[in-house]
Amino acid sequence: MLDFASAHAVLLSPDLWSQQVFPWLDRDSKRAMRGVSKSMRSQTDACIKVAISPASGVSAADLSCALLRWPRLRDLTLLNVSSADALGPLATTSLAGLRSLTVRQAPRAAWDMAARPALDAPAFSSRVAATLRVLDISGCIDVRSIDFVLSCVQLRCLWMPGCVGVSDLSPLGACSETLEELWLAGNDQLRSLAPLKSCPRLCKLDLRRCQSVLADQVEDLRLTCTELAAPSSVKLQGLVHDLQPSIPPAMQARAVGDLARWIHDDRVFDFPIAVAAAGAILPLVLLLGPEPSEDILQAGAARALLFLARGHAQNQAAIANAGAIPALVPLLGPESSAGVQEAAAGALRHLAAGHPQNQTAITAAGAIPALVPLLGLGSSARVQMAAASALRDLAAGNALNQGAIAVAGAIPALVPLLGAESSAGVHQAAAGALCHLARGHAQNQTAITAAGAITALVPLLGPGSSADVQMTVAGALCHLARGHAQNQTAITAAGAIPALVPLLGPGSSADVQMAAAFVLGDLAASHAQNQAVLTAAGVIPPLVLLLRPESLADVQAAVARALALLARNNAQNQAAIAAAGAIPVLVPLLGPESSAQVQQVMSAALHLLARSYAQNQAVIAVASALPALVPLLRPK
């Protein structure tokens, strides 16, 4: 196969353009094509950025060829360097104008230590060193001395994270007037920062995991280097750099773990946006594959993307645009470890949450058939919880996904997760998934009931469940009952009402009280038998108590809705609600201090209490409801 230069030589050969080779081209076309090829050759000669990464390791011959072939080189990256000999041409070349040089050491397993000298002290010619601005030797663990910078009089940035053998920084005095950035993460051999006091322009100093450097040395250095940036901004830039594909896997794993923990622990809402702006998303996506990668890298990268996407629509879009979705879906497969599956499912969940475009893209990438098997008993509780949560957020507000998830067999796989052997987290995730599968989807409502979900959900309303589980289960029952008479009857028959009434009491959180009130309202809606059962179960007095002023507005609105649905077309319940003192409590909530939503619900409740019931009409009038209702008729 021809190399790049030879190919251009052939392209420019006069024989190629003879009538015998291209008889269908006229003279002008040949001239135009010849001009294009010359332009391509010119651009090749002017190449300013080259990366050399042969699988067998960079050799001196490779480097010599590159330096001769591209005389105007400005940015050179050498990957898989296994010996100092390979860098020999840099010590003799007459190349001038090189601005940036990156060297990556080959893994030790690729070395023949007896035949190749260690990469302990790279050397550069004076012409190369004189123009070098950026030098990156990250992960070159065998470098012992940085004497090579003695001729780098214009060096501005030196990357040495992972160069654990360097202990003396004094050679940096040669570039003290120009050095602005020094990256030393993970170096435990450093003993003194004193040489840096002669670097007045130093503004970024990375000392992550440099345990041997004392805090007072850093504070002393700040007296001289007054432009030093805050450690947090330097740390972020350093972590993003360490995620790059050319960095050794051990450094990448440490960086991705540190970054994920930092995003998770930082309580500043905009911090994930800052991390994305620092360029973290693309290198994290690359760590997911498709090339084989270590489990710890894949799991860490997926977890970091999870935290970046969580609650941030801007990051959700950016992560999807970077190609994360088709990279995450294969990680759900059986060949991945449980940790990778959990992290990938969690990342997909937070990419889908509240983001219709991502919901569609994730489904198109084949995530649903990959997630459903993870619900099985062969998966760990953490994987089951992550998969159920991902399906929940894929189904939320998306009718097409609701149908696709049901067709994929998720419903009969989710119901067993509600059993006593599952953890509270699994209970909540499974109930949440069923809730969003049932919401506004009659076919799924029927299928979920047929799978035995109702009899599995009702016991989880009991005092043995956490508030989060009770609230989520109530939400599932609410959407199973809504607009579905058969399910309303089935839920009541399963004993849900005696389990729901205690949740209205003062011992429950406001969220649980609100969820219980919603379920009770949906059980009563257009169902005379349930209305009677609810009243007999004593649901009205605790509902009325929740209308008190100290209750949250959302709770008051949910309670008023439940009372309205209990009263609808039921004279006995209209009388019982009025007798419980609901009307004098409802009327003040029509006032201007209430939200428009609360005012609307209160008006509806009073309407259904008064409808065709003269006694309640009189009570409502006496309670001064009319002066409160009239202003609500005016357009706002």
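Let's start with a definition: two strands count as paired if DSSP finds at least two bridges between them. The helices (H or I, at least four residues) and strands (E, at least two) are DSSP runs, numbered from the N terminus. Quick housekeeping: this is a predicted model, where local features need pLDDT of at least 70 and side-chain atom pairs count only at pLDDT 80 or more, while totals for chains, interfaces and linings use all residues. Residues are numbered from 1 along each chain as its sequence is written, and side-chain values use heavy atoms, with hydrogens and water left out.

So, how many bridges join strand S3 to strand S4? Three of them, between residues 100-105 and residues 134-136, and the two strands run parallel. Within that pair, Leu 101 sits opposite Leu 135 of S4.

Zooming out, seven strands make an open sheet, ordered S1-S2-S3-S4-S5-S6-S7, with parallel pairing. Strand S1 (49-52) and strand S7 (204-206) are at the edges with a single partner strand each, so one side of each has no neighbour in the sheet. On average, neighbouring strands here are turned by 5° against each other, direction ignored.

Now for the helices. The axes of H14 (residues 338-352) and H15 (residues 356-364) come within 7 Å and cross at roughly 140°. Axes are lines fitted to C-alpha atoms, for helices over the stretch in contact, and angles run from 0 to 180 degrees between N-to-C directions. H14 and H15 are therefore oblique to each other; under 35 degrees counts as roughly parallel, over 145 as roughly antiparallel, 65 to 115 as roughly perpendicular, and the rest as oblique. Contact means heavy atoms within 4.5 Å. Leu 348, Leu 351 and Ala 352 of H14 make this one with Asn 358, Gln 359 and Ile 362 of H15.

Next, H20 and H21 (residues 442-450): their axes come within 8 Å and cross at roughly 140°. That makes H20 oblique to H21. Which residues meet there? Leu 434, Leu 437 and Ala 438 in H20 meet Asn 444, Gln 445 and Ile 448 in H21.

By class, the contact of H20 with H21 has four nonpolar, two polar and no charged residues. Nonpolar covers Ala, Val, Leu, Ile, Met, Phe, Trp, Tyr, Cys and Pro; charged covers Asp, Glu, Lys and Arg; the others, Gly among them, are polar. For H14 with H15, the classes are four nonpolar, two polar and no charged residues.
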